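Me: I would like to learn how to read cores and salt bridges in a model. Could you take me through one?

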Amino acid sequence: MSVLFLLISALILIYVGVGGTTAAVVMSIATLVGLFQDDWHIASILFGGLFLALALILVIPSEIRLNKFSRPLLGWVRSRLPKLSSTEEEALKSGSVDWDGELFSGKPEWSKLLDAKPAHLTSEEQAFLDGPVEKLCGMLDDWKITHEEYDLPDKVWKFIRENGFFGLVIPKEDGGMGFSNTAHSEIVMKISTRSVSAAVTVMVPNSLGPGELLMHYGTDEQKKHYLPRLSGGEEIPCFALTSPIAGSDAGAIPDKGIVCKGQWNGEEVLGLKVTWNKRYITLAPVATLIGLAIKVYDPENLLGDNEDIGVTCVLVPRETEGVHAGARHLPMNTVFMNGPTWGTEVFIPMDQVIGGQDMLGKGWTMLLECLSIGRSISLPALGTGAGKVASLATGSYAYTREQFGRSISQFEGVQEALEPIAGYTYMMDAARLLTSGMLDRGVRPAVPSALLKYRNTDLMRIVINHAMDVVAGRGVITGPRNFMARAYNAVPIGITVEGANILTRSLMVFGQGAIRCHPFIVDEIAAADMEDEDQAAKKFDGIFYKHLAHTTRNALRAFVLALSGGLFETVPRQGNIRSYYRQLARFSAAFALMTDVTLLSVGGGLKARQRLSGRMADCLVQLYYATAVIKQWHEEGYPADQRPLVEWCLQTCLQDLQHSMREAITKFPVPVLRWPMRLLVFPLGATGLNGPDDKLGAQVAASIVKDTPLRQRISRGAYTTMDPKDPLGRVLNAYKLANETADVRGRLHEAIRNRDKDDLDEITLLMGHERKKLVDWACSEGSVKAEECEKLEEALTALYDVIRVDAFDEEGLKALSRCAKGKRKVVERPGVK
């Protein structure tokens, strides 16, 4: 009995997480009572002695504990903790921790998620979306842009500049729109549903670029001069980070600036002689102001004793002598301006360093801060926009396309493809809004920005591939009728840019998150790096035992919650989704435990263990997206029609989370730890998390097929048109007519099925090419009323038009070739002759 009594006492204390002194007193009393009640059995002595020793350590005088335990432990921990480079140290200092920290804690406080101020738009921001953004979308003909002009039309460039699209986030006092990050995201998303090329053109100046850097770090003079010019479109900016050799790793770039004196505007001033060679730079071919990330050196010690100053961000006017730009890359048949820029020993004064001379060497921090913003908005919005277009167009096409007299949306195989289109689009939108809400609260979400960029672009790929499966041949033929081609072409761009997904998944998400979001690791690393051994030991002593209790608590929580299904966990009642909250709490505890085990066992080798890091990143992604879905449903008031979508998302995330966690455990690089982790995390094996069943899947598939408010909710924020000459409008118009004539078309099909086989073959031919004769026949048979004939013929014509594809004769192909040769132009740069 004593052993059981001791175990229960210890487990309760650890699970509840009481303070050290309270735990010591209770465990001591429990140990002594248990010993005396059990006649000193050997098991009682062993367990009692162990617990009593642990209890005494918690209250032993600090000086004794420091010398006998903490100093030796510090040496061992130093050998296990990851070693950070200078750029990694800077990365940890930049950005901030929000909901991601709760997921790493092992015991998320749900109130912090539900009570956080949500993403929202002001009336002014909504008016901009309904006005200028809507008008811009209506001006865009994506076929002409990508196959004839190879550029946005001049009138579109003019409209973008004159209506403030380049200054969305620049404050009003500096001439900008002063919009929120959520508005920025909504604007980019809506434009992307019309034209990826236009969306990229708008989003780049508003994310990582001179404007963002100047807003946060520029001198008063720089802000006063450049921000109004950027806002009004007088200057077109670009920012050049990527080098052919180093990629986007600013710490390894070969581009350099040498401190020297030179001539500027007729005067000798102190400045930099800059040499660079950059590629993949969006807007570089038309930019009038080039931002650069370079490494600065001071070989003549003009600024002091330090020769290697470090990464610095500078501004180079395009007209400066020696600047080269104008050639273009063509990224996967999208035609946003993108190309190389280079220069050799181009002199600029110190005034062109962003932030002035005092910001020399601080460019890496500046970039990290701004990257966390841009990466949270631009590509996640692009991915979500693609999902919304796919939901609208593919759901409409599946409803209107008929085979064997039935809409293909009724076929289970098609439903199986429609299901993830709807579910993942809702999931992407929820994660996008959760993160933009963080940004609007002043959070700089370094870890969420990385996982959002990785996951939304990956889900974009999955959704578009499913859409192409449904649309089939209709989606693979190039031409102005194709409503899926540009999104399909854009998928690899999103996957690749702003940190390729392999890099982001395997190095950034968990590699940074495990340290940045951990409640104790950062302080332990700081203690281990201290040169003063006494101070290091004291700092470590104040942290390590809390860390030990934290890990033990999460191990116990993971085990107990797995056994009980989270029965003892206190979770919110709203939405009646307590079982999902409990499973997420269970896996959060397991994730926190596995994070600690990984850091202590793999330690500095984590960078090389990229398969493990990637699997752990996938675990965090599923936790984040599941909770984002809960947050979004909460903010919308738990509407009943969204429940199937919400449950599909949560079940899918939990299934994928379980899979990723099992993979991480069964393939853990330290084999001896696999069995203990499997016992703690999956004591009953992988049970009960099998993902959505077919019934739920069919409901979710129907959410983008049936003409309901839920379909409108999923596609909310996308540009729509009913113009039957527009690629998207054509299918939406047919969808509208198909719904309006559903009953009469049903009677028509019933009449056709009741005909003799000889008559049926003739009537089938009429359905494709002689629709008026078919309608006249139906009227003569009495299955269609006379007043219904005109509407029925209009609907049948539209339904047939939807399945038609483009075809080019020899002259047509020659015309395309002439367009390609003659219209690959560079837009005139404002202010540059």
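**Salt bridges and cores**

Reply: Start with burial. D142 is buried, and so is R486. Buried means under 20% relative accessible area, exposed over 50%, and partly exposed in between (1.4 Å probe, protein chains only). This is a predicted model: local features need pLDDT of at least 70, side-chain atom pairs count only at pLDDT 80 or more, and totals for chains, interfaces and linings use all residues. Residues are numbered from 1 along each chain as its sequence is written, and side-chain values use heavy atoms, with hydrogens and water left out.

Me: What do D142 and R486 form, and how far apart are the closest N and O atoms?

Reply: Side chains of opposite charge can pair when their charged atoms come close. The rule for a salt bridge is a side-chain nitrogen of Lys or Arg within 4 Å of a carboxyl oxygen of Asp or Glu. D142 and R486 form one, with the closest N and O atoms 3.9 Å apart. The pair links distant parts of the chain, 344 residues apart: D142 sits in helix α9 (residues 142-149), R486 in helix α19 (residues 485-496). Helices here are DSSP runs (H or I, at least four residues), numbered from the N terminus.

Me: How many salt bridges does the rule give?

Reply: The count comes to 33. Take E636 and R716, whose closest N and O atoms are 3.5 Å apart. This pair, too, links distant parts of the chain: E636 is in the loop between α24 and α25 (643-666), R716 in the loop between α28 (709-714) and α29 (727-740), 80 residues apart. E636 counts as partly exposed because its relative accessibility is 25%. R716 is also partly exposed, at 40%.

Me: What separates D743 and R747 in helix α30?

Reply: About one helical turn, because they are four residues apart in helix α30 (residues 742-753). D743 is exposed at 54% relative accessibility. R747 is partly exposed at 25%. Elsewhere, salt bridges that share partners join E186, K388, D429, R432, E636, R713 and R716 into one network.

Me: Which residues have the most contacts inside the largest nonpolar core?

Reply: In soluble globular proteins, nonpolar side chains tend to be buried together. A nonpolar core is a set of buried Ala, Val, Leu, Ile, Met, Phe, Trp, Tyr and Cys residues joined through side-chain atoms within 4.5 Å. The largest one has 187 residues, and F165, I191, L272, Y625 and M661 have the most contacts inside it. Its largest share, 14 residues, comes from helix α24 (residues 610-635). Apart from this core lies another, of 24 residues, among them L213, Y217, L230 and M359.

Conventions: Helix = DSSP H or I, 4+ residues; strand = E, 2+ residues; numbered from the N terminus.
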